[in-house]
Amino acid sequence: MENKKSNIILLLTNLAVGLLIISPILYALSVTFMTTDQIHTMPPKFLPKSFFLGNYKEVIAAIPIFRFIFNSLVVATAVTIGQIITSCLSAYAFAFYEFKGKKILFIIIIATVMVPGEAIIISNYLTISSLNLLDTYTGLILPYLTSAMGIFMMRQYFLTVPIELKEASIIDGCTGIQFLTKILMPISKPIIGSLGIYMFLLTWNQYMWPLLITSKPEMRTVQIGMTMLQSSEVQSFGMMLAGIIIIIIPSIFIFIIGQKQLIDGMTSGAVKG
């Protein structure tokens, strides 16, 4: 009986905290269905009198928002796939192979985490510019195809896999790459899913890099598109929130689908080595 009461209290507490956290998003969603007069009424109203779709129509008319979403999807997906591939390959080498300078190289890679992105963004811009990759998907994607954090996460997880498993696979005739792709990566789905979701959301929310290397409207991403929306209609609060709701839908959808992998990945590995 005592345990049942504790579970009910815990459930109600989690529900209250969850509602408190998402209340700004719920209010923003409600405002998008209000007219300008309803938004500015005092005291503020939480629910619209009727579902007004004019704010969403204004967003679509003001900026090519679906083009921006497509650009962000292309960039975020490519970066996520690239991060998974490079992180798995690097982590596999650091976890299962011995070579000269291995520890020093790994320390150097991890040390790059302490370098802020703002410190290298200009050098990255000059490199991309010299390669004539401004206003291209390649320019948006290339600098973010690998990261020290991804390598570290995958290495720590791979270290929890017994070395005997690799030795047994070699006896069965597996090559190193076959062991990685057919055995190691399938059993590492939680950490791979965690890394993928984190990198997708991180890339989706990028602002400075797309702003720096894109000048053509058709190559803008969603975060830059929102600034264009703000400059086109500063006074239309409902339209601004409608644009925000549209661009956060894909990231919320990805998070809902992969939340189990994200939690499992963050709570596994990192216990050895």
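So, the largest nonpolar core: it has 26 residues, and the ones that touch the most other members are Tyr 56, Val 59, Ile 65, Ile 69, Val 222, Leu 229 and Ile 246. Who builds it? Helices H1 (2-31), H3 (54-62), H4, H11, H13 (222-232) and H14 (237-266) each put in at least two residues. H14 gives the largest share of this core, with seven residues. One caution before I go on: this is a predicted model.

Let's zoom in on Val 59. Which residues does Val 59 contact, if we skip its neighbours within four places in sequence? You get Ile 65 and Leu 229, and then Met 239, Ala 242, Gly 243 and Ile 246.

As a general point, nonpolar side chains in soluble globular proteins tend to be buried together.

Okay, next up, helix H8. That's residues 148-158, and nine of its eleven residues are buried, so H8 is largely enclosed by the rest of the structure. Which ones are buried in H8? Ala 148, Gly 150 and Ile 151, then the run from Met 153 and Met 154 through Arg 155, Gln 156, Tyr 157 and Phe 158. Notice that Arg 155 and Gln 156 are on that buried list. And what covers them? The cover over the buried residues of H8 includes H4 (65-96), H5 (102-111), H10 (176-187) and H11 (189-204).

Now let me step back to the whole chain. We're looking at 14 helices and zero strands. The radius of gyration is 23 Å, well over the 19 Å the globule rule gives for 273 residues, so the chain is more spread out than a compact globule. Along the principal axes, the C-alpha trace spans about 75 × 70 × 35 Å.

How much of the chain is buried? That would be 38% of the 273 residues. If you take contacts between residues at least 6 apart in sequence, 73% of them join residues at least 24 apart.

On charge, I have 17 positive and 12 negative side chains, with the centres of the two sets 4 Å apart.

Definitions and conventions
Residues numbered from 1 in each chain as written. Predicted model: local features only at pLDDT ≥ 70, side-chain atom pairs only at ≥ 80, totals over all residues. Heavy atoms only, no water. Helix = DSSP H or I, 4+ residues; strand = E, 2+ residues; numbered from the N terminus. Rg over C-alpha atoms; globule rule 2.2 N^0.38 Å. Buried < 20%, exposed > 50% of the residue type's maximum accessible area, 1.4 Å probe, protein only. Contact = heavy atoms within 4.5 Å. Lys, Arg positive; Asp, Glu negative; His and termini not counted. Charge placed at Lys NZ, Arg CZ, Asp CG, Glu CD. Core = buried A, V, L, I, M, F, W, Y, C linked by side-chain atoms within 4.5 Å.
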